[in-house]
Amino acid sequence: MSNTANSRQYVISFIFIGIAAVILLRLFFLQLFEDKYKVMANDIAIYRKVVYPPRGIIYDRKNRVMLYNQVVYDLMVTPNNVPKVFDTVQFCNALGIDKDTYGKLLNRIRVRNGGMRQGPYMEELTPEQTARFQENAYIFPGYELVERNIRAYPSASAGIILGYIGEVSPEMLKTSRYASYQQGDYLGMNGLERSYEEVLRGQRGVHFLERDNFNRPREPFKGGALDTQEVAGKSLQLYTDAELQAYAEKLMQNKIGSVVAIDPKTGGILAMVSSPSYDPNLLRGRERAKNFSNLYKNATHPLFNRAMQATYQPGSTIKPMTGLVALSVGAIVPSFGLACFGHYNLCGRPIACEHHDAGHAANFRLALAHSCNSYFCHIFRLTCDNPKAGGVKKGLQMWHDYFSSFGYGHATGVDLPFEGKGLLPDSSYYNNRYHNVWNSCTIVFVGMGQGELALTPLQMANGMCIIANKGYYYTPHFVRSIGNNEKDTLLKSYLKKHIVTSVSDTTFSVIQQAMQDVVESGTAIGAKIDGITICAKTGTAENKAIVGGVAIKMANHSMFVAFAPRENPKIAIAVAIENAGFGATWAAPIASLLIEKYLRDSVSVKRKAMEDKMINAHLINKYVYSIDSVQRMHFQEAYKAKMEKKMLEASSKHYTDSVMLNRWLRNQLDNK
Amino acid sequence: MGALRKSLFNRLDGITILLYVTLVTIGLFTIFSVEHRSTDPTIFIMSKTYMKQVIFFGIALFIGLIIILTESKFFSSFAFLFYTMGLFILFITIFAGVDVKGSRSWLGIGSFRFQPGEVCKIFTALALAKFLSLPETNFKTLKHRLVGVAIVLIPAAMIILQKETGLALVYFCFFLVMYREGLPNSVLIVGFSTIALVLATLLVDRKVLFIVLTAVALIIGFLLRNNLRRNVIGIILLVGIWGTSMLFSQVAVPFIFKHVLEKHQIDRIFSTIGMDVPDAYNKAAKGDEDEDNGGKKVNSSDYNVKQSKIAIGSGGFWGKGFLNGTSTKNEFVPEQNTDFIFCAIGEQFGFLGSLVLVGLYVTLMMRIIFIAERQRSSFTRIYAYCVASILFFHFAVNISMTIGLAPVIGITLPFLSYGGSSLLSFSILIFILIRLDADRQVLIR
């Protein structure tokens, strides 16, 4: 062993250690100082899977399911796992498709997802397809059935109440209200689905999964330590009676109008119909978009909830309220009578009354039972002009305050979105309208429910609750309990009793007695039910349609309001049927049938003929369709005109700009 | 001479055996961590590679036992015969090799496959040791030096013909052995300087490199100022080397990249060290832009190194913990059982684990050098250096390529990488050394 050899031993050792040191130095920087690699590693390897809990189920007052989650199957495929030798014929038979479609669908997934990732081959299989596929699933490797929930309505009714869900739109995502949603999420778009979205949707679970180089999810990341568990949506129980609701919809078929029935003791809505109604099952799943646009374009506007969005002049149905106020403020006493001979002549142009016989308005009871226009116009005037108030303006304001406390002129606060508020004129409204020059004769029509006053059927039904309860009401609402909790914070406002501006019990008794007379000896004799004391009022509302900017007088709306029984009332109801004629002819029988159905669970045999007549009546006028198309044309033209005007403005602005530019340039040249 | 009286098993080097077993065990656990899924019903699944590796380990230990029980003279006596056989098999492989990922370096007999190039390292090491330890060999003469070089380069050339350049490069590590046995210093210096310069030119910014090289030259000049004052040749040499490296890094490489090489060649060079092509060179090759999109993903070595760096870099100091390596477990790093096994260590055990592993390798290599220097017979000493050099080359290049310090050439990490050929050939290398070392007091001829 030479000396050189010995020293070279250290050179070689030095090289070994030196290179190892370089490697360690590089590792040191790579692992401790370059954070981007940690971020990149998580980005590529962790898959955030959102798990959607089932939405809450909605039950009716008798715990019958109105809205639930239906399991549907999507057929998923991982193209590369489909073997070369594959029984295509059997597969196509199971799904009922032909061979071309088979290849096309498979290729679509391959193009969209690549061969390694699973994609939806066919969505929402029919039960037959599911069954046939499951029988032979073992000979179709690469294919897999995956469960999914969709909303389902067991009966084709209550669409406007329950509403529907839809995918959150990009515009919605931009607003803070929908901050907790992500693209692709579904949420309640209308009805109770929208109002109670917060509790129905439950809590999304987020599961973190590791994924591999082909983006296939694998096992839970860190054993699932970061995951949040999904919480199922709470179920709702409604006051609504599913059977009554379906029956009401049946009675209202082929009519345009609405029914609202409320339990006066709780404010719970027993039924709400807007006719024509639609099958809520149309607005779910694959066909939703197509069906929605069909419904939206329909001339009868089935998506428009007439029961709380449409406003009508209440016609004679307002007369109990007019009387209530007049008696309350002391403008009249119950024995007050008016000699009416078919006209009311105290305000210049005579106002027609249906009755000519003397003494039909000899006192309040008779006047209401016969619905004397003269009488109620007069007592409305007396109310406004009553000496206690001091002047018609203050008098009207007093009347306004009473009506406002009845829930008119503003949204009642029902638990459905987009409620209409109607119109309740006050003094300043008329001051504006008539430039401060008006008197009780100017506004006299309001007393008989025409004129400027406009109410939603929901407000009318709520008014009946007040009379039935003798002075109080609960805000009408559908939901009795959320997840079996009747005192949920969302329901708090519905537990509050609203007491109307002081009206004495005796006054209510007078009104109730008069309304009872309406059924027993007055205009609504057809609505009488043996053994049930019904208090009611008919209405026949004049109305005009505005077509192309021109108001055209249309056939009268048939209206009816009622509550029953008089003692211990259980149901208050308002029915409005558009352009159907007398209230007593159509609206009254329908309301009567509904009251009987609700209170007795069935309709007596002797009333079957009436029931059939109501169900089979077709009261949608042909001109509804023509008016609709004229209106659409009118809107289109208005839109066009607006656009043209905009363009004109824009171009004229350009013109001014260019003129100014020219001038400026010329000035610059001149200066030089 | 007391040691001779001890039994054979008492004369075996315990430290080396311990290090060997430790490294193979680490390898087993690492392969397990990569392959194991929490959804697996049991860990004993024979189709998984870690179970196969356990079997290979068993076979390796069995062969090790046979080697220990073999007379140490056997290895020196049959060295040339083994070498000739090895060359013969390599020669056959050139024509009969099975095509594996473009290289024909594997021989297949039924379902059994092995890589003669791996095994031939052992034969070459034995042959080189035998030749250099022959009494008639004088390594100071050019003739014998050329014979030594030939022993090393002939198998390398054959492996290159099998298109397995990475493995062929391993044979260059024998130059370290020959340096130890008397090749002039200049061989080592020139060799290392060239490799360092090439890598530095690619990895380091040109201006920084200029400053560093100049600084190094000035420091050397300052340290050797007394020698250089009387030595014109020395000055010329120093300035010459400085000038050459300047010319190479500042002028030649940019010129070649800008004007000679095609775009795809530039991409290839940078991707093998896992770097994006620098803007300066990218602009020059802007001619065909449409290749840019498709080209990037297709280039697999680029993807390998990037994923490998992500895996190792995400480990941090402590690592993500055993079985928590998201990148390696989910197969983002290709060939993570074999060539890129270090990623799994870096990701799961972080810098600390990497430090321990590098430490184990360095300890083993130092131990082998220590063993080498305590031999009476030069055959064993040279053989020991061969083993150390092969280990060193594999270790250094393998880890460097996973962290983007060296180009991706497919060579394994000794003892850790999955694969029968690799594990068995390294085991045989080590066991022969242990056997020879047991007879360190005897002169083996």
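**Exercise 1.** In strand E3(B), which residue is the bridge partner of Gly108(B)?

*Solution.* The model is predicted; local features need pLDDT of at least 70, side-chain atom pairs count only at pLDDT 80 or more, and totals for chains, interfaces and linings use all residues. Residues are numbered from 1 along each chain as its sequence is written, while chains are lettered from A and ligands numbered from 1 in the order in which they are written.

Step 1. Helices (H or I, at least four residues) and strands (E, at least two) are DSSP runs, numbered from the N terminus. Strand E2 of chain B covers residues 103-109 and pairs with E3(B) in the antiparallel sense over three bridges. Two strands pair if DSSP finds at least two bridges between them.

Step 2. The partner of Gly108(B) in E3(B) is Arg113(B).

**Exercise 2.** Describe how helices H10 and H20 of chain A pack.

*Solution.* Step 1. H10 (residues 242-251) and H20 (residues 587-600) of chain A pack at about 160 degrees, with axes 10 Å apart. Axes are lines fitted to C-alpha atoms, for helices over the stretch in contact, and angles run from 0 to 180 degrees between N-to-C directions.

Step 1. H10(A) and H20(A) are therefore roughly antiparallel (angles over 145 degrees count as such).

Step 2. H10(A) contributes Leu244(A), Tyr247(A), Ala248(A) and Leu251(A) to the contact, and the residues from H20(A) include Ile590(A) and Lys597(A). Residues are in contact if their C-beta atoms, placed from the backbone, lie within 7 Å.

**Exercise 3.** Describe how helices H21 and H22 of chain B pack.

*Solution.* Step 1. The axes of H21 (residues 378-402) and H22 (residues 420-438) of chain B come within 10 Å and cross at roughly 155 degrees.

Step 1. H21(B) and H22(B) are therefore also roughly antiparallel to each other.

Step 2. Among the contact residues are Tyr383(B) and Val387(B) of H21(B), and Leu433(B) and Asp437(B) of H22(B).

**Exercise 4.** How many residues of chain A are in contact with chain B, and which element gives the largest share?

*Solution.* Step 1. 31 residues of chain A are in contact with 38 residues of chain B.

Step 1. H1(A) gives the largest share of the chain A side, 17 residues.

Conventions:
Angles under 35 degrees count as roughly parallel, over 145 as roughly antiparallel, 65 to 115 as roughly perpendicular and the rest as oblique. Two residues are in contact if their C-beta atoms, placed from the backbone, lie within 7 Å.
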